[in-house]
Amino acid sequence: MDGDRNGSQGQPATGGCRDRSDRLEAIREAVRSRFEIDTRSLAALRIALGLLLLLDLIHRAGAIERFYTDDGAYPLAAYEAAYPQFSGLSLHAASGELWFQQLLFVVAALFAVALIAGYRTRVVALVSLLLLLSLHGRNPAVLNGGDRLLRVLLLVALLTPLGERWSVDAVRRGTARTTVVGVTTAALLVQPLAVFTQNAILKHRGTTWYAGEAVEIALANDAMTIYLGNHLGSVPALLEAINWIWITLLAGSVAFLLLPVGRLRAAVALVYIGAFLGMIPTISIGLFPLVLAAAILPFLTSPFWEAVDRVRSSRRFPGTRPIAAHLAQFNRRPAERRLLDRHRRSDRESARSVVRRYGRSGLTVLGVIVLGWILLFGAVHATGHDVPEEIDTPLLEEQRWGLYAPDPSDSYSWYVVEAELDDGTTVDALEGGAVTTDRPPDASQEYDTFRDRKFMEAVRDSGSGPETGITAERYADWACERADRGQAGAVERVTVHRFDQPSSIEGPYEEPSRTTVIEWEC
């Protein structure tokens, strides 16, 4: 009986194995399709990263003397005392002279342009990352979450073939893949999902986001709200709708962005990009919205780019594909390949195969490490667990994403720097003229940029301890010099006052409170 049953079911058993194999293959293909990236999306990300680096440098250049030289509010002495962990790690800290900082800014800008063009993409991206880390290390007091996300995104993107399309490298190579998939592309797609999911979990610990009230509270923060945001407060129903849309996009990011494929994924990605760009005229958080939008670019799928090509063709836009004949200066083989050509062909092919094999293996290993870093440290912050001491490193903080979490602040601050002259009168140390302590009509205008707001938070923290810290002291010294220039050397002391204003959502404003951050003899 058993023999008959085994014999009669022999063929179905083979079919069952085949069915299981087909199911496993279908699962592998489903997973593969969700981590596959169109190389045009990688090219768009490369260009976006280069442009962001340029915009960042241009934005910082306006305050390069104040924040990065010994003649400013944050000299090298303050950097070395306030952040000893970065000592020796920042090239920008090699000199406090203005010309040196300007030189490094120009060098970084040139590498950013090379990244946009896709010239020696991986090497250029690595140098750009190192210069960015050096710049951030020189003055961490002016950084926000957008700066951290920019360097993290550049690091993760560095492992992917950013120069595969729309690049000088592609022209020289003469071939390009349509799509790529692997551990490195998985890490690149998972990174923004980790940001959104962690932020949604942290917001859940508060009381306002999941009650539909947080956006209204956030936009009542007059020090951060700008332009369009100043007018949205008059429509509470709209703010509540935006609140729920925003929290849904964050909490559902894995389902919305990772699970779909094809046209649906591209459409959802465009919704996220639109939401992030909508932050620009609303709140003053620097490049953060643009970096968030850039992080979504890899989710744009092949059907999206095919639609773009159809639109371009139908409107008879000029061709954008680079022609090698027009780029004669790039036609020479790369230097490293010309060196290999001096050896025998067999040796050359052997060397190339070894470099290619170990290079790919190395990138895979790095991809696994980076993916583990994203998932592990992102989960640590989301769950509030402590990590073992062996892995408690500064890299842990790189995956902390808590913008407006768990609740947005229900108050805001501004600062008044008062200079006392030798005749007993007082003036505004930075602007000249009379000192005013009235609540400003628009507190965001009290700061030149969001970086000034961040820096004053560091000054406040430095001056609020039992002993005044060097950041507050050096800022007061700088304020003395500014006041001296405006008052012909008649300044005896400066006092930095901080005003805290509870936000007004309903009813009149309460009276602001005032504290003295530092009082300093000039």
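Q: What does Leu 257 touch, leaving out residues up to four places away in sequence?
A: Leu 257 is in contact (heavy atoms within 4.5 Å) with Leu 193, Phe 196, Arg 265, Val 268, Ala 269, Tyr 272, Ile 296 and Phe 299. Bear in mind that this is a predicted model, where local features need pLDDT of at least 70, side-chain atom pairs count only at pLDDT 80 or more, and totals for chains, interfaces and linings use all residues. Residues are numbered from 1 along each chain as its sequence is written, and side-chain values use heavy atoms, with hydrogens and water left out.

Q: And how many residues does the largest nonpolar core have?
A: That core has 81 residues, and Leu 257 is among those with the most contacts inside it, along with Phe 196, Phe 276 and Ile 296. A nonpolar core here is a set of buried Ala, Val, Leu, Ile, Met, Phe, Trp, Tyr and Cys residues joined through side-chain atoms within 4.5 Å. Buried means under 20% relative accessible area, exposed over 50%, and partly exposed in between (1.4 Å probe, protein chains only).

Q: Which helix gives the largest share of this core?
A: Helix α10 (residues 183-204), with ten residues. Helices (H or I, at least four residues) and strands (E, at least two) are DSSP runs, numbered from the N terminus.

Q: What's in the second core?
A: This separate core of 47 residues includes Phe 67, Ala 108, Ala 458 and Val 459.

Q: Switching to charges: how many salt bridges are there?
A: The count is 20, taking a salt bridge as a side-chain nitrogen of Lys or Arg within 4 Å of a carboxyl oxygen of Asp or Glu.

Q: How far apart are the closest N and O atoms of Asp 56 and Arg 451?
A: They are 3.0 Å apart, in a salt bridge. Asp 56 sits in helix α3 and Arg 451 in helix α20 (residues 450-463), so the bridge ties together parts 395 residues apart in sequence.

Q: Is Asp 56 buried or exposed?
A: Buried, at 1% relative accessibility. Arg 451 is buried too, at 4%.

Q: What about Arg 493, which residue does it pair with?
A: Arg 493 forms a salt bridge with Glu 420, with the closest N and O atoms 2.9 Å apart. Arg 493 belongs to strand β5 (residues 491-502) and Glu 420 to strand β3 (residues 411-421), so this pair joins parts 73 residues apart in sequence. Arg 493 is buried at 18%, while Glu 420 is partly exposed at 26%.
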